[in-house]
Amino acid sequence: MQGNRSRDTKPELAIRSLLHRRGLRYRVVARPIPGVRRTADVVFTRAKVAVFIDGCFWHCCPQHYRQPASNVEYWRAKAQRNVQRDRETDALLASAGWTVVRVWEHEDAGRAAERVAGVVARAASL
């Protein structure tokens with residue numbers, strides 16, 4: 001697992017590049033709520049929008065997740081903890097007034113960037 005990148009993955013770089021080309025400025029791998037150990041991949045602090053780009057394996061994508069054949073109990077528990085933590089993070093940020101956007105790694109980067117830009121524009125206009 002040490003070989004897996006926690007930041008600057010290909011999907012993250014693609015989406016961030018498209019957002020930057022649209023003129024949007026953001027923080028990378030930042031904690032939206034200071035003092036809370038939850039890190040978002042892209043954070044728009046003024047608009048209070050946190051973007052998470054989730055890997056299909058690590059976050060149990062309904063379309064692509066496949067249970068490993070070996071050490072099944074370990075991986076099942078790990079995947080369930082990740083999904084549970086994602087839900088807790090979403091609830092925690094929502095209760096603090098943040099908008100959460102979740103993007104799957106397999107999503108088209110252009111469409112994902114469009115969706116994020118739309119959410120940021122709506123949040124900024126409030």
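Leaving aside neighbours within four places in sequence, which residues is Asp 86 in contact with? The answer is Asp 54, His 59 and Arg 102, where contact means heavy atoms within 4.5 Å. This is a predicted model, so to speak of local features we need pLDDT of at least 70, side-chain atom pairs count only at pLDDT 80 or more, and totals for chains, interfaces and linings use all residues. Residues are numbered from 1 along each chain as its sequence is written, and side-chain values use heavy atoms, with hydrogens and water left out.

**Strands and how they pair**

- A quick word on names: helices (H or I, at least four residues) and strands (E, at least two) are DSSP runs, numbered from the N terminus.
- Two strands pair if DSSP finds at least two bridges between them.
- Strand β1 covers residues 27-30 and runs antiparallel to β2, with three bridges joining the two.

- Buried means under 20% relative accessible area, exposed means over 50%, and partly exposed is in between (1.4 Å probe, protein chains only).
- Five of the five residues of β2 are buried, so that strand is largely enclosed by the rest of the structure.
- Asp 86, our opening residue, sits in helix α2 and is buried at a relative accessible area of 13%.
- Glu 12 is part of helix α1 (residues 10-21), and with 3% relative accessibility it counts as buried.
- Not counting residues up to four places away in sequence, Glu 12 touches Ser 6, Arg 7, Asp 41 and Ile 53.
- His 64, in the loop between β3 and α2, is partly exposed at 40% relative accessibility.
- Once residues up to four places away in sequence are set aside, His 64 touches Cys 56 and His 106.
- His 64 and Leu 93 are 29 residues apart along the chain, and their C-alpha atoms are separated by 27 Å.

- β2 and β3 form a hairpin with four residues between them.
- Ala 47 and Ala 124 are 77 residues apart in sequence, yet 4.7 Å apart in space, C-alpha to C-alpha.
- Apart from neighbours within four places in sequence, Ala 47 is in contact with Val 120, Ala 123 and Ala 124.
- Lys 48 lies in the loop as well, and at 32% relative accessibility it counts as partly exposed.
- Lys 48 has a phi near 55°, a positive value in a residue other than glycine.
- Val 29 is another non-glycine residue with a positive phi, of about 45°.
- Val 29 is found in strand β1 and is partly exposed at 29% relative accessibility.

**An enclosed space**

- Rolling a probe the size of a water molecule over the atoms shows where empty space is left.
- A cavity, on a 1 Å grid over the protein atoms alone, is a set of points where a 1.4 Å probe fits but cannot get out, and lining residues have an atom within 4 Å of a point.
- Grid points are joined across faces, edges and corners, and a volume is the space filled by probe spheres set on the points.
- The count comes to one cavity of 30 Å³ or more, and the largest cavity has a volume of about 40 Å³.
- Its lining is made up of Phe 57, Trp 58, Tyr 65, Trp 75, Lys 78, Ala 79 and Asn 82.
- By class, that lining has five nonpolar, one polar and one charged residues.
- For these classes, Ala, Val, Leu, Ile, Met, Phe, Trp, Tyr, Cys and Pro count as nonpolar, Asp, Glu, Lys and Arg as charged, and the others, Gly among them, as polar.

Key:
1 Å grid on protein atoms, 1.4 Å probe; cavity = no way out; pocket = protein on both sides within 12 Å on 5 of 7 lines; lining within 4 Å.
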